[in-house]
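Subject: Structure for you to look at

Dear colleague,

I am passing on the structure below, followed by notes on what was found in it. Please read them with the model open beside you.

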Amino acid sequence: MLVFAYGSLLWHPGFQPKESIPATAVDRRRSWCVQSTVYRGTAQTPGAVLGLIEGGRCSGLLYSVESCDCGRVAEYLHSREMAETGYRPEIIDVETSSGVASALTYVSDPSQRLDTPPERILGIIMRARGISGSNAEYAGRTLETIQELGMSLDEDEVGFPSEIVMTIMKARAITQMIDNHCVNRLPEAELA
């Protein structure tokens, strides 16, 4: 089984891949079009996370999964990704240095997409927080991982103009500092 990662799966797959190699989704691009009401937002203050939509190209990682782990990994991914209403599983073509492969990924469900300009998405990202933490932490960590993997942070690749990318990365650093300060100040009994 092959899995294509383009968002949080880049830095938190939640399973141990057999192998990980660079890959590019064919005729797909990242978009901040999935509303998060579980992991990075709530029903009252939804977040915005990445989905794959038609057109363009999207750099990511292709994970291979041991055959004995396929069922467990597929179940885990389905449970994780389908907790949010904006995704659907799909087998897509990805290009690697060895040629084209078919991989499982979770794309944006067209009937559930956010249709919001980047400036408004930035405001959503700055406010929202869900069970997995702040939306700014998700966005910043994803952008940092894309950069660390040697992928481009241009608007075609990440869905935001460079000014918004820099704002998100700064917001993540500030959010981390605040979260660390708050955790460090809690009595030890509350940290357990």
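Helix α1 gives the most to the lining of the largest pocket, with 3 residues; helices (H or I, at least four residues) and strands (E, at least two) are DSSP runs, numbered from the N terminus. This is a predicted model, in which local features need pLDDT of at least 70 and side-chain atom pairs count only at pLDDT 80 or more, while totals for chains, interfaces and linings use all residues. Residues are numbered from 1 along each chain as its sequence is written, and side-chain values use heavy atoms, with hydrogens and water left out.

The lining of the largest pocket is made up of 21 residues, and Ser8, Tyr39, Arg80, Glu81 and Tyr138 lie nearest its centre. (On a 1 Å grid over the protein atoms alone, a pocket is an open set of points where a 1.4 Å probe fits, with protein on both sides within 12 Å along at least five of seven lines, and lining residues have an atom within 4 Å of a point.) Two or more residues of this lining come from each of β3 (47-64), α1 (70-81) and β5 (99-108).

In the second largest pocket, β2 gives the most to the lining, with 5 residues.

**A residue in helix α3**

Thr145 is part of helix α3, which covers residues 135-148. Is Thr145 buried or exposed? Thr145 counts as buried because its relative accessibility is 10%, where buried means under 20% relative accessible area, exposed over 50% and partly exposed in between (1.4 Å probe, protein chains only).

Best wishes
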